[in-house]
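Work through the exercises below with the sequence and the 3D structure at hand. Try each task before reading its solution.

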Amino acid sequence: MALGWLLWGAALLLGLHVLMELSAAVNFVVRVGFYYLLCIVGSVLTVPVCLLVNGGRTVKNMRRVPEPSGGRIIKAVVKTFKYFFGLRFEVKGLENFEVEGPAIIVSNHQSTLDMMGLMEVLPDDCVQVAKKELMYTGTVGLLIYLGGVIFINRKSTSSAKMVMAEVAKTMVTDNVKVWVYPEGTRNCTGDFLPFKKGAFHLAVQAQVPVIPVVYSSFTTFYNPKKSLFTSGKIKVEVLPPIETKGLTSDDVADLTDRCFHIMRETLFRLSGRP
């Protein structure tokens, strides 16, 4: 009986492999499905560790396991995902994270795969801002919650502003960096959407630097419209901090435009586009 099940399993895997080779759509669906499965399994295994080691919701779960073990919890688990998909990261400019005190980190947001790219470069003492809906994604949402992620209701402008005001206080009080996606939603077109100004208002309000992070376009290996999902290389560049000391709310628009153009030029350069 056991041998029969093994043969059926082997035949199923072989058939699936053949379909993936013959059909880009099947390959895409299987690889994306496997990615979500990895997220679920990883969260199921990691949630108890976060609770046991750090006792609940804290940025330490995202960041570092107490000495002498060193290492990281969530970051360590997610960084293994790239090996399943043949993804390689080439990172430059990590020294630009080494600013004294808090900062706002802004980066482009392309797909659900961004989580892998985030964990490649995530500095210590850094929390992310994410849409509230992610909190309700089962064990994955629980893990994100335990990692100290700050959730915003994007459908309520007043609620989002209140949360960002609290973020500004927390950032300075707890001396943490805050990671924001200024496009506000995923965008896998190989270009940027217009930036929302919330992150830049936050930086000016707290008088902390803005650190841009740019990931090269995923479109050469990941494109849902073309059912494309293969292996590939992602270039990541952490750009020099942009100071906001002395700026006021009147300067937010110029600051937003400046970051947009710097990051867009970097995106095209990293992606090999004119």
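The exercises that follow concern a predicted model.

**Exercise 1. The chain as a whole**

Task: State how many helices and strands the protein chain has, and what share of its residues is buried.

Solution: Begin with the secondary structure. The protein chain holds ten helices and nine strands. Next, take burial: of the 274 residues, 46% are buried. The accessible surface amounts to about 14300 Å², and carbon and sulfur atoms account for 62% of it. Last, look at contacts between residues at least 6 apart in sequence: 74% of these join residues at least 24 apart.

**Exercise 2. Helices H2 and H7**

Task: Find the angle between H2 and H7, and decide how the two helices are oriented to each other.

Solution: Step one is the geometry. H2 and H7 pack at about 40°, and their axes lie 8 Å apart. Step two is the class of the angle. Roughly parallel requires an angle under 35 degrees and roughly perpendicular begins at 65, so H2 is oblique to H7. Step three is the hand of the crossing, which is left-handed for H2 and H7.

Step four lists the residues that meet. H2 contributes Cys39, Ile40, Ser43, Val44, Thr46, Val47, Cys50 and Leu51, while H7 contributes Thr139, Val140, Leu142, Leu143 and Leu146. Sorted by class, the residues of this contact are ten nonpolar, three polar and no charged.

**Exercise 3. The buried side of H7**

Task: Name the buried residues of H7 and the elements that they pack against.

Solution: Helix H7 spans residues 138–146, and its buried residues are Gly141, Leu143, Ile144 and Leu146. The buried residues of H7 pack against helix H2 (24–54), helix H3 (59–62), helix H4 (74–78) and strand E4 (150–152).

**Exercise 4. Helices H9 and H10**

Task: Describe how H9 packs with H10, and list the residues in contact.

Solution: H9 covers residues 198–206 and H10 covers residues 252–270; the angle between them is about 120°, with the axes 9 Å apart. Roughly perpendicular ends at 115 degrees and roughly antiparallel requires over 145, so H9 and H10 are oblique to each other. The crossing of H9 and H10 is right-handed.

At the contact, Phe200, His201 and Val204 of H9 meet Val252, Leu255, Thr256 and Cys259 of H10. Five of the contact residues are nonpolar, two are polar and none is charged.

Now consider burial in H9. Its buried residues are Ala199, Phe200, Leu202, Ala203, Val204 and Ala206. Just after H9, Gln207 has a positive phi of about 55°.

**Exercise 5. Helix H6 and Trp179**

Task: Determine how many residues of H6 are buried, and whether Trp179 is buried or exposed.

Solution: Start with H6, residues 114–121. Seven of its eight residues are buried, which leaves the helix mostly covered. The buried residues are Asp114, Met116, Gly117, Leu118, Met119, Glu120 and Val121.

Then locate Trp179, which lies in strand E5 (residues 177–180). The relative accessible area of Trp179 is 0%. The cut-off for buried is under 20%, so Trp179 is buried. To end, compare sequence and space: Trp179 and Ala130 are 49 residues apart along the chain, and their C-alpha atoms are separated by 9.1 Å.

Technical notes
Residues are numbered from 1 along each chain as its sequence is written. This is a predicted model: local features need pLDDT of at least 70, side-chain atom pairs count only at pLDDT 80 or more; totals for chains, interfaces and linings use all residues. Side-chain values use heavy atoms; hydrogens and water are left out. Axes are lines fitted to C-alpha atoms, for helices over the stretch in contact, and angles run from 0 to 180 degrees between N-to-C directions. Helices (H or I, at least four residues) and strands (E, at least two) are DSSP runs, numbered from the N terminus. A crossing is left-handed if the near helix is turned anticlockwise from the far one by less than a right angle, and right-handed if clockwise. Contact means heavy atoms within 4.5 Å. Ala, Val, Leu, Ile, Met, Phe, Trp, Tyr, Cys and Pro count as nonpolar, Asp, Glu, Lys and Arg as charged, and the others, Gly among them, as polar. Buried means under 20% relative accessible area, exposed over 50%, partly exposed in between (1.4 Å probe, protein chains only). Accessible areas come from the Shrake-Rupley method with a 1.4 Å probe; for residues, only the protein chains shown count as cover.
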